[in-house]
Amino acid sequence: MLPARLWPEERLLFLHSRNQQEEVSTKMDEASQTRMRQRADTPTSRYVFPSVRLEQGVLLLILSIPSLYVLWILPPLWRDSDGFNEIASTFAPKGIIHWLPGYCLGGRLIVFAGSTIDSLIRGHGIPYLSISITPLSDAGIYTLIVVQHLFLILSLFYAVRTASDHFQLRVLFAGFFALTPWIYVYANCIGSEAFSNPLVYLVAAWGWNCLRAAELNRRKVIIYFGLLLTAALTRQVNALLAAGLPLALLPLAGKEWILRGSATNLIDRQARYRHTRKLLISTFVAVAVIGSSLLVQQTMCWLCRVPFRSTAGETFMWRLSYLKGLPQQERTAILARISAKLADPVVTEALDALNQSLNRGEKWTDMYLFYKIDEILLRSGLNEMQHRTWQIDLKLNRIAICVLLSGDPDFLKAVGADFVRSPYFTQTDLAHSPFELTDWLQTQLPFPRYDRLRGLASFQHEEGYYATAWKRISYFHLFDRIPILEMVYLTMTFVGLVLFVAWRDAATGEGVAYVAGIMVVAILITLANCSCTFFAARFYLPVYSLLQMAMLFAASLAAKILIKRLAR
């Protein structure tokens with residue numbers, strides 16, 4: 001009914017508004033009925049799987065079989081001394097600012113729990129607990145390994161269910177993950193990659209959900225922020241994952257602004273800037289993640305009474321290995337320019353010593369500058385170790401920034417060469433590193449620092465045991481001759497098919513934009529690795545995972561279009 005006491009003009013406006021609302025409601029009902037009819041007409045919906053739980057059980061079984069196999073045939077692997085330092089060595093400051101607390105703290109707490117339960121069961125009481133002296137036992141280590149496998153399985157399960165709504169495709173995708181041995185190898189390894197790899201899959205899958213949601217509600221934003229922050233606190237390069245969703249939304253928001261005058265009804269006007277709003281929110285989340293990660297590290301440093309700083313310069317020392325291949329005169333000129341720009345006597349002396357060492361033909365040592373600066377500072381009377389290592393990190397950071405911004409052709413050539421080589425890593429290359437590094441760590445057991453490792457199951461085998469196991473077990477050599485680059489070609493093929501058949505479909509545009517966004521993030525991570533550290537397969541694990549997810553999303557889009565075509 002009309003409200004009383006309305007002027008004629010108000011009555012006309014009220015009637016016009018009510019007619020619009022009824023029109024919108026009718027259109028929404030018709031659209032809902034159309035979607036229901038389409039679902040009823042699709043071939044896949046005619047076949048109803050016996051139960052959702054059984055479907056989930058099948059997927060979990062497929063994803064769990066490789067974990068059970070790896071757990072059965074291999075003891076826990078170790079990512080050389082880094083794995084030991086991350087869960088058993090002094091926590092602060094390296095566990096906060098270098099290896100990061102996501103794994104260093106989380107892993108220690110899990111080992112604490114396993115070791116404590118084992119000690120209580122054996123009637124030995126609660127062991128001595130210290131954040132810097134983790135009690136190491138097989139029970140504690142295996143507890144961490146099992147948690148890592150479970151984390152991986154559940155992350156892959158969520159990624160598979162997110163990538164497609166069709167059970168047959170989900171089974172195919174789960175099988176594809178099961179045939180990716182390196183992700184299960186790292187789940188069986190002590191090292192931050194065991195947490196990082198599942199988080200990359202979770203971030204990619206949750207970002208896909210955020211993109212396809214009508215609006216980003218508080219729950220979605222909080223979970224996305226939490227996943228990104230946890231990933232950024234596990235490995236530094238994971239902070240670049242925060243760029244994935246904004247990169248995907250950028251062209252979609254641009255399209256909204258280009259077509260902003262074409263909205264003709266209320267629904268169009270309400271959804272006009274949907275992607276723009278999501279772009280602003282996701283950009284804010286990305287900035288908040290980086291800021292929060294730094295804040296967490298600073299807070300933990302303050303609690304542990306150690307100075308906060310970046311250790312990027314220490315990692316960059318490995319990138320300086322390109323200097324050893326340069327002619328003497330050219331290398332001397334490069335180091336002289338760095339010394340002149342920084343104008344730091346300690347840095348100048350350390351760089352001169354490095355140059356003389358290389359001129360004498362001595363073997364390249366990655367940590368040469370660290371130890372030389374330490375020696376110089378100690379000689380100058382700086383005896384307090386925490387303050388001395390803080391100064392070393394600051395000076396190494398300045399060297400790194402100077403080289404990165406110098407535009408040195410030789411440095412850029414070295415970065416470019418690594419970038420071109422990186423897409424040719426295979427699954428076998430990625431799976432090899434933990435075996436090699438565990439064998440290396442076993443050679444270090446005579447040193448007192450590693451005496452707590454000697455009784456663990458990982459080190460009860462002859463020297464070279466893990467290299468032999470890697471060569472012997474065929475599962476770790478699946479698709480040995482197929483490089484990462486092949487996934488890029490497949491993804492581009494699927495995207496091309498999708499655009500050719502359904503380029504006007506809005507959902508297709510969103511999906512293609514997201515695939516492009518996470519592929520750009522993979523490129524950024526590759527550039528960061530090539531620019532900041534040495535060339536090793538394990539640094540490209542997140543690149544493989546992102547390209548893997550991009551390929552699955554693109555395949556899902558293509559399959560969805562083909563199913564619709566076949567249903568007509």
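Modeller: A salt bridge is a side-chain nitrogen of Lys or Arg within 4 Å of a carboxyl oxygen of Asp or Glu. This is a predicted model, where local features need pLDDT of at least 70, side-chain atom pairs count only at pLDDT 80 or more, and totals for chains, interfaces and linings use all residues. Residues are numbered from 1 along each chain as its sequence is written, and side-chain values use heavy atoms, with hydrogens and water left out.

Colleague: How many salt bridges does the structure hold?

Modeller: It holds 21. In one of them, the side chains of Glu193 and Arg538 meet at 3.4 Å, N to O.

Colleague: Why does the pair of Glu193 and Arg538 tie together parts that are apart in sequence?

Modeller: Helices (H or I, at least four residues) and strands (E, at least two) are DSSP runs, numbered from the N terminus. Glu193 lies in helix H10 and Arg538 in the loop between H24 and H25, so the pair ties together parts that are 345 residues apart in sequence. Salt bridges that share partners join Glu193 and Arg538 with Arg79, Asp82, Glu86 and Arg235 into one network.

Colleague: Are Glu193 and Arg538 buried or exposed?

Modeller: Buried means under 20% relative accessible area, exposed over 50%, and partly exposed in between (1.4 Å probe, protein chains only). Both Glu193 and Arg538 are buried. Glu193 has a relative accessible area of 2%.

Colleague: How is a pair of aromatic rings described?

Modeller: By the distance of the centres and the angle of the planes. Rings of Phe, Tyr and Trp (its six-membered ring) pair if their centres lie within 6.5 Å; planes under 30 degrees apart count as stacked, over 60 as edge-to-face and the rest as tilted. A search of the whole structure finds 25 aromatic pairs. For Phe425 and Phe535 the ring centres are 5.0 Å apart and the planes at 25 degrees, so this pair is stacked. Phe425 counts as buried at 11% relative accessibility, and Phe535 counts as partly exposed at 23%. Tyr475 and Phe476 form a tilted pair, with 5.8 Å centre to centre and 55 degrees between the planes.

Colleague: What sits over the ring of Phe535?

Modeller: A charge sits over a ring if NZ of Lys or CZ of Arg is within 6 Å of the ring centre and within 35 degrees of the ring normal. Here the charged end of Arg421 sits over the ring of Phe535, 3.9 Å from its centre.
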